[in-house]
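Biologist: Could you show me how to read pockets and helix packing in a model like this one?

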Amino acid sequence: MTAVSPARRAKLGLVHSLAAKAGLDDDARRDAMFRLTGQRSARDCSDAQLDAIIAELDGAKFHGKQKANNSYTAKTKALWIACWNLGALQAGDDRALDAFVKRQTGKDRLAFVTPGEANAVTEALKSLLGRHGCDVPAGDVGGLIARRNLVRAQWARLGELGAIKALVGLRNDWALDAYARKVCPGAFRGVDDFTAKELDQLARAWATSCARRWYEPRPAQGVAGPPPSSRR
């Protein structure tokens, strides 16, 4: 086995630490790497490819880890992450969230808002989602309908960005379900029957590709959405 140089070992560690800082789980990290390099494992990347991944992760403004401190700010945070997953935000980190909150309420941080102010923020986020094709219906107990609407809106966005290529002309429910099962291989049903956990997993996996509109254009890799998830 070829020995790994200290410099390369440092790059491999940096890829994982930056991905963790950005809030990416293993599948989302692998999807981001595949989009950039065609590789789903950092160990299979050249040094130049590792440099490209590091530059992307270091410069990307992924949603942060600010914790909601009560039920009404938890809803706000969930909608904010949904906006990021759909590509409706240029930056989805805590600083951007607090700036959005301040524009809506005058308060410096989400943690400082009252229930009424939090409601104003959530309504603004619902409107933003609606403008990007994702309806958040009232009375959606558990949020299943909103989650389904989100992944369908992501699917449409992927089509607009040219990320759906393998099934040209088949951007229908059958194609959506087929791609969704690649991300969630344990799901043997269609998106309309996915659990909340599976829908969240799917939304996270497609978030990076949906955010491509905010980054420099890159040559298409010739793939349609995320490839099959490689799980250990």
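This is a predicted model: local features need pLDDT of at least 70, side-chain atom pairs count only at pLDDT 80 or more; totals for chains, interfaces and linings use all residues.

Biologist: How much space lies in the largest pocket?

Modeller: The general idea is that rolling a probe the size of a water molecule over the atoms shows where empty space is left. Here, the largest pocket holds about 570 Å³ of space.

Biologist: Which residues lie nearest its centre?

Modeller: Those are Ala-78, Leu-79, Gly-143, Ala-146 and Arg-147, out of 23 residues that line the largest pocket. By class, the lining has 13 nonpolar, 4 polar and 6 charged residues.

Biologist: And which helices supply the lining of the largest pocket?

Modeller: At least two residues each come from H4 (71-86), H6 (115-131), H7 (144-160) and H9 (196-210). H4 gives the most, with 6 residues.

Biologist: Let's stay with H4, then. How do the axes of H4 and H6 cross?

Modeller: Two packed helices are described by the angle between their axes and the distance between the axes. For H4 and H6, the axes come within 9 Å and cross at roughly 20°. Angles under 35 degrees count as roughly parallel, so H4 and H6 are roughly parallel to each other. Their crossing is left-handed.

Biologist: Which residues make the contact?

Modeller: On H4 they include Tyr-72, Lys-75, Leu-79, Trp-80 and Cys-83, and on H6 they include Pro-115, Val-121, Leu-125, Lys-126 and Leu-129. The contact of H4 with H6 has 12 nonpolar, 2 polar and 2 charged residues. Notice Leu-79: this residue of H4 takes part in the contact with H6, and Leu-79 is also among the residues nearest the centre of the largest pocket.

Key
Residues are numbered from 1 along each chain as its sequence is written. Side-chain values use heavy atoms; hydrogens and water are left out. On a 1 Å grid over the protein atoms alone, a cavity is a set of points where a 1.4 Å probe fits but cannot get out, and a pocket is an open set with protein on both sides within 12 Å along at least five of seven lines; lining residues have an atom within 4 Å of a point. Grid points are joined across faces, edges and corners, and a volume is the space filled by probe spheres set on the points. Helices (H or I, at least four residues) and strands (E, at least two) are DSSP runs, numbered from the N terminus. Ala, Val, Leu, Ile, Met, Phe, Trp, Tyr, Cys and Pro count as nonpolar, Asp, Glu, Lys and Arg as charged, and the others, Gly among them, as polar. Axes are lines fitted to C-alpha atoms, for helices over the stretch in contact, and angles run from 0 to 180 degrees between N-to-C directions. Angles under 35 degrees count as roughly parallel, over 145 as roughly antiparallel, 65 to 115 as roughly perpendicular and the rest as oblique. A crossing is left-handed if the near helix is turned anticlockwise from the far one by less than a right angle, and right-handed if clockwise. Contact means heavy atoms within 4.5 Å.
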